[in-house]
Amino acid sequence: HPANIVGLTGVMHDLIDDGNSVLLVDHDTQILSEADWLIEMGPEAGAKGGHVIAEGTTDDIKINENSQIGPFLAGKQGISRQKALESELFQNGAIHLSTDRIHTVKPLEVDIPKGRLTVVTGVSGSGKTTLILESLIPALSAHIRGEKLPAHVKSISTEGIDQVKLIDATPIGINVRSTVATYANVHDELRKIFARTPDAKKSKYKAGDFSYNTGSLRCPTCDGTGQISLDVQFLPDVDIPCPDCGGSRYGKEAYQIRLPLQVLLDEQDEPDGTTKQNEADELAESIDSPETAHDDELSLPEILALTVDQLLALSGNLPSMAVKLRTLSELGLGYLTLGEATPALSGGEAQRLKLAGEMHKKQQGALFVFDEPTIGLHPHDVEVLLRVLQRLIDKGATVIVIEHDLDMIANSDYVIDL
C-alpha cells in the first residue's frame, strides 16, 4: 500500500546511512522517485528487450527520450479509462454482503455494483483478503449451489450472478510438462498439422507421436520434460536443461519432420508491400536450430521455440489457432515462447494466461475476482490489463480487484477501502 511504501523507503535510507548499498527491482513510481540512480531495461519484453535503454538520476530519466518509465515519473503520462457515471453506477443492480466479525474484519454491510470494476483497497493486513476471498466468494459459491452460507455470513443478495471465477497469481500447475502451448490449446492443433505432413505419413507418425508427454518423438533422455535432475549429496536436487535435447523436449527424429511455412501463411500481402513469405524467410533464417534448418520449413521443436507473436505472424491460414495466439498477444504475453513451462511463469503472467481462456466466452452473470494483478507490472502493462478488464465488463461481467496500485484504483468505477 502507498502508506506502507513510506515506511519501506525509510528502511532503505536507514540501510544506506549505515554504509550499505541497496539494489531494487521495481516498477512502482513512488519507489522509483526515491532512487539515487535508475537503470532501465527494454525497450520491450522478451526477445525485443535485453538492452539498457536509459540510466541516470530520476531527473535524468524524466527527460530521457528513450525511457519508457520517464513520462510516468514526470507526471506527463497517465493511465485513463472511461469510468461509469456516478448516476448510473448501480443501474445494473448490486451484490449486497452482510457479515459478522471474522479475523480482523468487523461486522459490516457492503454493496458491490454489478457490471462494473470495483477495487478493494487498504493497508496490508486491513482485511481485504478476508472480506473477498473468505467471505464474498464462499458465500456467493454456496448461494449459487443452494448450500448453507458460511457461518459468519448473515446474508448475500446476488442480483443474477451465477458463476464466480477467481483469477489469482498461483503458479499454473507444478508439472514441467505444462507449457504455454499446451495450456493455450495450441500444441494439440500443431500436432495434428504435423501428423498430416508427407514426412510424418512416410514414417507413419500420428498426432500422438508428437506429444512430449507420451509420444515416440519425445527426448528419451529427459522423457519430454526438457530437463534432468542431478542428485547432489547433502543438498537439494538441481534441475538442469537436458544435455541431449537442449530443453526442446524432443528427440532428433522430431527435427526431421518438417512443415512447409506456406501451410501456415496467409497469401495476402502486408499493407507496406512486404509479403508474408518474406517475413517467414527472415524468421526461419533467424532460428538457431540444433539440426539442419531449411529456409521454407520448420520442425515442431523449432516452432515451439518461437514466441507467441512470431507464430501469430505465421498463422494466417489457421484462423482457430490465430484467435488463441492473438488473445495471448492482446493480454501482453506475446513475448512468451510457446514451449515455456507454465510453472516458471511469474504471478502476473500466470494470471493473464488463466484469463486467456475466458476472453471468448459470454460473461453475463459472471463475477471475476483478481488478487493484486498489478504486482510486478510496468505502468504500460497496467494499461493493457485495464483494457482486458474492460473487455470482460463489456461482455457483461462484474470485476472485483484487490489492489494497491494507484492507477488501478483511480481508474475503477467504485472503491471499497478497508
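The side chains of Arg258 and Glu297 meet in a salt bridge, 3.7 Å from N to O. A salt bridge here is a side-chain nitrogen of Lys or Arg within 4 Å of a carboxyl oxygen of Asp or Glu. The pair links distant parts of the chain: Arg258 is in strand S10 (residues 258-260), Glu297 is in strand S11 (residues 297-299), and 39 residues separate them. This is a predicted model, in which local features need pLDDT of at least 70, side-chain atom pairs count only at pLDDT 80 or more, and totals for chains, interfaces and linings use all residues. Residues are numbered from 1 along each chain as its sequence is written, and side-chain values use heavy atoms, with hydrogens and water left out.

**Salt bridges**

- The structure holds 11 salt bridges.
- Side chains of opposite charge can pair when their charged atoms come close.
- Arg258 and Glu297 are both buried. Buried means under 20% relative accessible area, exposed means over 50%, and partly exposed lies in between (1.4 Å probe, protein chains only).
- The side chains of Asp188 and Arg191 also form a salt bridge, at 2.7 Å from N to O.
- Asp188 and Arg191 are 3 residues apart in helix H7 (residues 187-195), so about one helical turn separates them. Helices (H or I, at least four residues) and strands (E, at least two) are DSSP runs, numbered from the N terminus.
- Asp188 is partly exposed, at 37% relative accessibility. Arg191 is buried, at 15%.
- Lys324 and Glu189 join their side chains in a salt bridge of 3.6 Å, N to O. This pair links distant parts of the chain: Lys324 is in helix H12 (residues 319-330), Glu189 is in helix H7, and they are 135 residues apart.
- Lys324 is partly exposed, with a relative accessible area of 29%. Glu189 is buried, with 16%.

- In H13, 9 of the 10 residues are buried, so the helix is largely enclosed by the rest of the structure.
- Among the buried residues of H13 are Gly348, Gln351 and Arg352.
- The buried residues of H13 pack against S7, H6, H12, strand S12 (366-371) and helix H14 (379-394).
- A search of the whole structure finds 1 cavity of 30 Å³ or more. On a 1 Å grid over the protein atoms alone, a cavity is a set of points where a 1.4 Å probe fits but cannot get out; a pocket is an open set with protein on both sides within 12 Å along at least five of seven lines; lining residues have an atom within 4 Å of a point.
- The largest cavity has about 30 Å³ of space. Grid points are joined across faces, edges and corners, and a volume is the space filled by probe spheres set on the points.
- Gly348, Gln351, Arg352, Pro373, Leu377 and Leu385 line the largest cavity.
- Helix H13 (residues 347-356) gives the largest share of that lining, 3 residues.

- The largest pocket has a volume of about 1700 Å³. Of its 49 lining residues, the closest to its centre are Asp26, His27, Glu40, Met41 and His378.
- S1 supplies the largest share of this lining, 5 residues.
- The second largest pocket has a volume of about 560 Å³. Of its 24 lining residues, the closest to its centre are His27, Asp28, Thr374, Asp405 and Leu406.
- H1, H2, H14 and helix H15 (406-410) each supply at least two residues to the lining of the second largest pocket.

**Two single residues**

- Thr179 sits in the loop between strand S7 (163-167) and helix H6 (180-183). Thr179 is buried, with a relative accessible area of 0%.
- Leaving aside neighbours within four places in sequence, Thr179 is in contact (heavy atoms within 4.5 Å) with residues including Tyr212, Arg249 and Leu338.
- Leu15 lies in helix H1 (residues 2-17). Leu15 is partly exposed, with a relative accessible area of 35%.
- Leaving aside neighbours within four places in sequence, Leu15 is in contact with Asn20 and Val22.
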